[in-house]
Each structure stands twice: as structure tokens, then as C-alpha cells.
Amino acid sequence: MGITHPSWPVSLYVAAWLLPLASFVVLVIGGRRWGRVGGWIALGAITGSFLISAYGFWLYAHEASGLFAPRAAHHEAAAHAGGAGSEAAAPDAGAAVHAEPAALVWRDSLPWIQIGKLSIRIGFLVDNLSATMFLMVTFVASLIHLYSYGYMHEELHEPVHDPRAVPPGQPPLHRRGRFTRFFSYMSLFCFSMLGLVIADNIFMVFMFWELVGICSYLLIGFYYERPSAAVAANKAFITNRVGDAGMIVGLMILWTTLGTFNFDEIAAKLHAPDPQLTGALLTVAGIAIFAGCVGKSAQFPLHVWLPDAMEGPTPVSALIHAATMVAAGVYLVGRFYFLFSPTALLVIAYTGGITLFMAGSIALVMTDIKRVLAYSTVSQLGYMMLGLGVGGWAAGLFHLLTHACFKALLFLGSGSVIHGTGTQEMPQMGGLFRKMPITAITMLIGVLAISGIPWFSGYYSKDAIIAQAMFFYQEHPEHILLFVLPVVGAAITAFYMFRLFFLTFTGKPRDHQVYEHAHESPPVMWIPLVALAIPSMIAGYGEPPFIERALTYRVPVPLAHPAPGVHEAAGLIALGVVVFGILMSVLFYYARLLSAAEMARQFPRLHQFLIHKWRFDDLYEAVLVRPVLVLSAACRRFDAGVIDRLVDGAARAVVGVSRWDGWFDFRVIDGAVNVVGDWVYAIGYQLRRAQTGRLRQYVMFLVAASLGLVALFWSLGVTGVSRLIIR
Amino acid sequence: MQHPVASLPTILLIAAIMFVCGAVCMATKRNAVGILIGAELVLNASNLNFVAFAYLTPFGIDGQVFALFGIVLPAAEAAIALAIILNFYNNHMTVDVDRATELKD
């Protein structure tokens, strides 16, 4: 628990959070009329957010004095003593926390929903993790907005030609440009992502979780006229729903047992002497929450949507599907770290391990440059999950932050290549180094960073994860797989990243048309590349790395620090396999001493297995999609054969009855009415004859009638008449 | 009580003759004014009957009151009838009731 400070720094962060929302509203209201100004509005909003959050971070570091000072001596000692074992580490870490003031936390909230016992507040929480994440998200997003301004430029021309929206051979589709719409979605995404980062309760996180999902859906399907993009957007959305169903279960368990959604309150109740949520239910709650993270962070077995999501524009892939949104799952695991029981952490670690190996192996054979990067993203997210799962809270999140920088850089670089060459297929590229030197050099920095070469950021963060995994293996020798998988994965990563670089930028041009067409991108696109290359190099510097220090400074999360020797050993092992991977890549794709095609011929089964992405799509097709289709076909037949027939029969019966009823109405009812009318008419016609209109005749009638009456009375007699009258 | 000037049957006889005269007049005359005169004869015959029977009633006055009504109402009736006849004359230049057949069909 931290110190509660005056809430004005929180207001600062709230302002930074709301700026992109304001931009979204302005862009939606103005729509197409903004033209290119729309891009400047979105860029200005997110850059404003970045500047505010940078000031906020500086303020935070200033207030938590010593954040960037060298680690205090007694802390160091405690960490080293804790390295002997996690059992020993816990009390030591606790002692360290007590010896120092608690971590600085800024929080503020206001009531929102109050129904019975349910009380939900709009709350904001700024601590080490959210301040760092906020800074990273706004930094990467600002650069990607700037890049998008160049990349999406053709959306400004009217009309836009889209040859991929129609079957090959037909004239391209003509449509109106969607420049402003793109930036409005991007702004909405930034707002949602930042809200997710600074929310102080899991309910708000879930809301923004769904909002970023919607933005992802809208942006994957940005070229929705292309059938592949529409399908990919649906796939991403539906796959995420599967994970979110698990997350809702987790929310329900938390609510029914603890009665709160607030992170701090949940932590307090879990650490209480007699917690209401323990044992198997706690594990289930953790795994259920993690299921949501599996969907969002594209972990095995819900990873299938992320490679398809590359149908979206490349800046979207960089921002949403590499740097920020897919990292939200990792972020949530880090934020909710106290919830996970050892069993749940083991599940997380194994999920991450399987994911990183599987995705890396598929990336070996992909030829689409963006798909290689997509599988690499899945693989790196697996690293982060594995790091968190084996107890490396700081290592996993450290890798998240460095990965955001170099993966955004790699995606933007690939976007620059696609922009310059007009193709995404690496077999058509080659020798582009001379044509686009800035892109090539910045991408080389990204490749070196992700491969884990010393002095580049990825080395330090990946090394932290591998060290943590090695430490975990030493503690629990039965989980050797959790150490082997990341080490093998490191070699695979180095191999396929250098394969990507060699195939794209070196060698002889394989497609001369593409080569002639290739050109360096405009400054608006390469400036972000350079700006991202700098943190990709230096983000791991510091002893200990300053990002790791910013994350862990005075944080009460139980941190099991591996012994110093483990770090060095893990670093050497990792470096060894990385160098091996790079050497193999050089042999295959630079020196051409070995042939990849020959390898594919040698192991056709394996090659096909990888080309078909471990047959996950086929599996889901057979197990899920096909049965659903069969079931719906059966339902359709039932609908047409039984329900429709019933409805038709009922309709026919009603028509028959109505027809008979109409006849009855016409003949019987109307007939009776007409007969009465006819009678009345006939009688009236007869009576009419008496009305001659001759006065003298009337008088005669009168006289005759009177005489008749008199005669009648006479015949009846006086008594008869009076009796007649009285009755 | 004074002895009556004429006996009841005598008066009834006179009234009956008047009534028949009036009725025959109404039945035979084609002139509207003539019919009106016949109607007056019939009404006055009935007035005569009212007066003749009046002395049989307890106060000897009921019949006389009826007779007064029988004089006043035909006066009003005659005014209306004459107005109708005048209008008819204005429109058709005749007072022959047999010519008044327009409402028949």
C-alpha cells in the first residue's frame, strides 16, 4: 500500500487520457471535411498526451526520490540474500519493504455506479507500472501517428484504387478515401488503451479491454472491401470473445467471494489473515482472468487471430498488434500478479513456453514479411508470459517495454518496405539495402535488438527472462521444459529475424520490377524509425537496467531475484544459442552455403506442418467451424422443412376458413339483411299507393274510418267499448 | 235551474247535420278555401256537442271550456291554412287542391 498524495498529478494523467478522446470526438463530428488536418489533430492529441505523461513521469520520479539513484546498499544485500531461494526471499523482501518507505502511488476516484451492494468507481491508479506503461504507450503511439500521416497519405486522394478488394484480373475497386476515419479510430484506440493502463479496478479494465478490442476489429477491417480483411477482423473479434468469456468468469468469482473489483482492495483482502478466496477457487479465478489475457495477447491456443490481423494497415499492426494492445494481456497479468496461485503461474509459464516455441517455429517458414513479424510478436509475448509465470515479474514487464519499442520499429520498417516496393512477399524482394538505406539500418537495429545481441535492449530483457527461467529450473528440476523452450526459442528468433533481414535487404534483387519500383520512404516515415531505433538500442542500459528499476522501485510484489551467477550463466547460454542461430541464418540466406529449399525437400512433412501453422486453422476448422456449419445446415433444414411448413400450413388453413367465412358472410348474413330490406321496400311500395295526395280522398277515408269505428262500437255495445278501453 | 231551451237530442241532431254538411263540403269541394270552410263547419259541430253535454258534468263548465279551445285553435289553424293557400296560389296561380300533386312522387 502506498502513500496517498494530493490528486492533482492524477488529474494530469486524466487530462493526458482524455486528449485522444477529444480528438476522436472532433474527428467524428468533422468527418471527411477535416481532410489532412484530421491527421494533425490526432497527432497533436497523442503528442500532447505524451508530453503530459513525460512530465508526469518526471514528477513521479522526482517525488519518489531515488528512483534513478543507484540501488541502496541494504536493498542490494537483501536481494542477494533472497537469491538463495524463494522461501527465504519472501521474508527478506518483506523486510526490505518495511525498511524503506512504500512505493509511491497516486490514486483518485469518483463514484460511478451504486446498485445495492455493487459499488463501482471510476478510479485511477498511477504507480511504477502504470506510469511506465503510460509513457511507453504515448511515446510509441505518437511516433506511429506521425508515421501514419505519411503511410496513409494515399487515402487522401479521391478516389482510392484498391486492387485487392476484387478478384484478380478485374479492374480495381474505386472508393472514397478514409484518412480521417483512420485517425479517429487511432485516437479512440489510444484513449481506450490509456484508460486500460491507468484504471484502478478490474471492471474498468474490462470495459477498456473490450474497447481496444473493438478498435482492433475496426482497424483490422479498415479495408473492409477486401474479403480477407473482413474475415480477419471477424476472426480476431470472435477469438477474443472466447478468452473474454473466461475473464467474465474470473470477474464473477472475484465479485462473489471478495465483493470488490478494486485492485488494492482485492490485494488487501487476499493478504488478510483469513482470506475468503483460497485454494482451488483462487487458482480457477487466476486462470479465468488469464484466459482473457490469452485471447488478447494471442497466446496458445487462441493465437490464431494475430497473424491474420496483419490485413490491417501496417501502422495499426505496429501500434495495436505489436506494441500496445496485445501487450495488454501481459500488462494485466503483471497488474494482477498477486491473484495468481503457484498453480496458475505454472499454467501461465507453460502457456508462454508453448506459445513462444510454436510461433517461432512457424515464423521460420513464412514468406510474408508482416506475417513473420506477427509470429515473432506472438513468440515474444510468449516470452513475457513465461517470464511472469516463472516469477520474473520485472523481467516479463521489462521485456514488454523493450519489445514495444523494437517491434514497433520492425513493423514500421516493414511498412516502409511495403510502401516502397508494393509487395509483402519476401521472395520478391532482395538487395533493397542500397535503395532504402535508412529503413535497412533502422531495421537492422530492430533485428539485433529482438535477436538479443549485447548492447541492444532485447538482450537485457530476454536475458532477464532466461535467467529467471534458469533460476526456476534450479528450484524445480522437473520443469526443465520451461528453461529449454526459451533457450531454443532464442536461437529460432535470431534465425528467422536475420532470415527476414537477409531476404529483404541483401543478395541480388529477385524481382526486377519490384526493385526498380523501390524507393526510400519520405522523412515523415523514416523519422519515427530513427526515433524508435534509439530506445531499441539504449532501453536496456543501466545497472540494473533503469527500466527494470523504474518498474520495481519499492514495489511490494514478491520478487525472487536469481543469484548473480545465474544471470551471467544464462546470458552466456542465451548469447551462444543466438550466435548459433545467426550463423545458421548467414549460412542459409547470406552466404547461401545451405539451401532452404533443399531442407524443405529433405523434411517435407515438417515443412508442410510449419507452412500450415501447426495445422491450428485446420484443427479449428474441423473441430469448431465445420460442426457449427453442419449444425446450422441442419437447423436450416429443420427450419425450412418443419417450421416453414407448419407456418405455411397454418396460413393455408386460415385462407380456407376465411374463404368459407367470406361466402357465409356474403350469402347468409348479407342475404338476411337484404331480404329484410327487400320486404320493407315492398311493403312501403304497397303502402305508398294509399298516399294519393288528394285531400278530398283523405277526407273520405277519415269519414269512412269514423263510420267504421262507430259501427264497431255499436256492434260491441257500451259495455263492450268501455271494457275494450279499460283493458 | 232554468229549463233548457232545446232538448239534448235536438241539439245533437243540429250538430250532426252541421257535421255531415262540413264533411261533405270537405270531400267534394276542389277549392281550398271551400275545404277550409267545411273544416270550420265540422269543428263548430263538435263545439256544439261540447256545449250541449256540458250541463251533464258536475260544475256545468267543462264542456264550455273545451268549446272555447275549439274556437281559438281553429282560428290559429285557419291563419296557417290561409297562408299555405296563399303561397300555393302564388306558385301555381290556382287554389285547386287536386293540382297539388308535387309531393306525391
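A:Trp455 is exposed, with 12 other C-beta atoms within 10 Å. Exposed stands for 12 or fewer such atoms, buried for 20 or more, and partly exposed for what lies in between, with C-beta atoms placed from the backbone. This is a predicted model: local features need pLDDT of at least 70, side-chain atom pairs count only at pLDDT 80 or more, and totals for chains, interfaces and linings use all residues. Residues are numbered from 1 along each chain as its sequence is written, while chains are lettered from A and ligands numbered from 1 in the order in which they are written.

**Backbone**

Most residues other than glycine have a negative phi, and most peptide bonds are trans. A:Trp455 has a positive phi although it is not a glycine. A:Ala298 also has a positive phi without being a glycine. With 31 C-beta neighbours inside 10 Å, A:Ala298 counts as buried.

| Residue | Phi | Loop in chain A |
|---|---|---|
| A:Ala298 | about 55° | between helix 10 and helix 11 |
| A:Trp455 | about 75° | between helix 17 (437-451) and helix 18 (457-475) |

Helices are DSSP runs (H or I, at least four residues), numbered from the N terminus. The loop between helix 10 (279-296) and helix 11 (305-308) of chain A also holds A:Pro301. The peptide bond from A:Phe300 to A:Pro301 is cis, with omega near 5°.

**Helix packing**

In chain A, the axes of helix 5 (residues 128-151) and helix 6 (residues 179-198) come within 9 Å and cross at roughly 170°. Axes are lines fitted to C-alpha atoms over the stretch in contact, and angles run from 0 to 180 degrees between N-to-C directions. Helix 5 of chain A and helix 6 of chain A are therefore roughly antiparallel, a term for angles over 145 degrees. Residues are in contact if their C-beta atoms, placed from the backbone, lie within 7 Å. Helix 5 of chain A contributes residues including A:Phe134, A:Val137 and A:Ala141. Among those they meet in helix 6 of chain A are A:Met186, A:Cys190 and A:Leu194. The residues of this contact divide into 11 nonpolar, three polar and no charged. Nonpolar means Ala, Val, Leu, Ile, Met, Phe, Trp, Tyr, Cys and Pro; charged means Asp, Glu, Lys and Arg; the others, Gly among them, are polar.

**Cores**

A nonpolar core is a set of buried Ala, Val, Leu, Ile, Met, Phe, Trp, Tyr and Cys residues joined through C-beta atoms within 7 Å. The largest has 210 residues, and A:Val140 and A:Ala408 have the most contacts inside it. A:Ala408 touches residues including A:Val140, A:Ile144 and A:Leu532.

Conventions. Helix = DSSP H or I, 4+ residues; strand = E, 2+ residues; numbered from the N terminus. Parallel < 35°, antiparallel > 145°, perpendicular 65-115°, else oblique. Contact = placed C-beta atoms within 7 Å. Lists of a residue's contacts leave out its neighbours within four places in sequence.
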